[in-house]
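Biologist: I would like to learn how to read a structure like this one. Please take me through it feature by feature.

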Amino acid sequence: MLIKLFTFYVYLQTALCGCGPDRRNSDFERLRKDYTVTIDKIGKLDIQIKESSGLARVTDSTFITHPDGGSAPELYLFNLKGELLQTIPVPIVNKDWEDIAQDEKGNLYVGDFGNNANQRRDLTIYSLDKTSWQVTDTLAFSFADQTEFPPPRSRQHYDLEAFFYHSDSLYLFTKSRALKSITQLYKLPVSGDRQTIVPAEKLRVKSPITAADVMSDTNQFALLGYGRLYLFKPGSETISFDGKRYCLPVGRTGQAEAVLFLSPEQLLITNEKGKLYLVTLRPKQTANR
């Protein structure tokens with residue numbers, strides 16, 4: 001019942017506000033201005049897949065997802081019809097898994113860094129070998145700018161549900177629980193001992209950020225929020241909020257928590273109820289990009 005009410009709330013907020021607040025506060029552009037967009041429900045995950053909090057690609061037609069905190073430490077292999085192909089137990093605790101990333105060699109990174117109360121001191125990312133499913137590394141980190149556990153509500157910017165791998169580093173995007181929501185971007189190298197990371201940038205966004213992904217051979221990336229998809233095309237070769245940034249209302253996806261690029265013009269989204277959505281972006285010929 002609570003999920004249904006939350007889904008309705010997200011849909012209502014998106015329908016009434018759209019991306020207006022993001023355009024006013026952070027210079028986002030309407031994605032439909034430059035693209036023809038379709039959002040299609042393409043399937044539903046098997047009932048045995050308890051939740052879908054992150055997405056990674058295994059082959060062109062198979063994918064990995066995982067449950068949220070408190071669930072069994074398992075990964076689920078599925079296809080675009082939502083059929084469960086394999087349940088894969090992994091030797092790590094699921095305190096609060098929130099997202100999964102993948103490098104160019106196929107190694108997976110599981111983010112056990114959910115921080116709803118903004119008071120965790122054991123933020124961890126596990127590296128897994130995709131052949132043996134064994135842990136190859138453990139990356140522990142903390143936020144250099146967080147000095148209170150928890151901080152006052154107005155500074156609760158340290159929940160974390162979104163990251164991706166790009167060029168030997170992991171890029172983390174925080175989920176704010178303050179009234180004026182922001183996301184902070186941190187860069188975490190994938191080697192070394194416990195690291196204290198500093199925020200590289202911050203950006204005000206209407207929707208708290210729940211997932212992220214990047215096109216592997218470019219620096220174009222996407223952030224997902226409740227009812228909104230944010231698309232970034234940095235003006236430099238680095239991962240940055242600079243350059244063009246677009247906002248797309250996706251209220252029908254509900255409490256969506258995972259996003260994955262299938263191609264430069266297609267993204268896969270899953271939500272808490274297990275529904276699969278395909279977002280297709282076709283550049284308009286007259287678009288000035």
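Modeller: Start with contact: it means heavy atoms within 4.5 Å. This is a predicted model, where local features need pLDDT of at least 70, side-chain atom pairs count only at pLDDT 80 or more, and totals for chains, interfaces and linings use all residues. Residues are numbered from 1 along each chain as its sequence is written, and side-chain values use heavy atoms, with hydrogens and water left out.

Biologist: Which residues is Tyr 171 in contact with, leaving aside its neighbours within four places in sequence?

Modeller: Tyr 171 touches Ala 162, Phe 163, Phe 164, His 166, Leu 185, Tyr 186, Lys 187 and Ile 239. Tyr 171 sits in strand β12, residues 169–175. Helices (H or I, at least four residues) and strands (E, at least two) are DSSP runs, numbered from the N terminus.

Biologist: Is Tyr 171 buried or exposed?

Modeller: Buried means under 20% relative accessible area, exposed over 50%, and partly exposed in between (1.4 Å probe, protein chains only). Tyr 171 has 8% relative accessibility, so it counts as buried.

Biologist: How do I spot a disulfide?

Modeller: Look for a pair of cysteine sulfur atoms within 2.5 Å. By this rule there is 1 disulfide. It joins Cys 19 to Cys 247, with S to S at 1.9 Å. Cys 19 lies in the loop between α1 (2–17) and α2 (20–26), and Cys 247 in strand β19 (residues 244–249), so the pair ties together parts 228 residues apart in sequence. Cys 19 is buried at 4% relative accessible area, and Cys 247 is buried at 2%.

Biologist: Why is the disulfide of Cys 19 and Cys 247 left-handed?

Modeller: The torsion about the S-S bond of Cys 19 and Cys 247 is about -70 degrees, so the disulfide is left-handed.

Biologist: What about cores?

Modeller: In soluble globular proteins, nonpolar side chains tend to be buried together. A nonpolar core is a set of buried Ala, Val, Leu, Ile, Met, Phe, Trp, Tyr and Cys residues joined through side-chain atoms within 4.5 Å. Here the largest has 21 residues. Leu 31, Val 37, Leu 229, Leu 248, Val 279 and Leu 281 touch the most other members.
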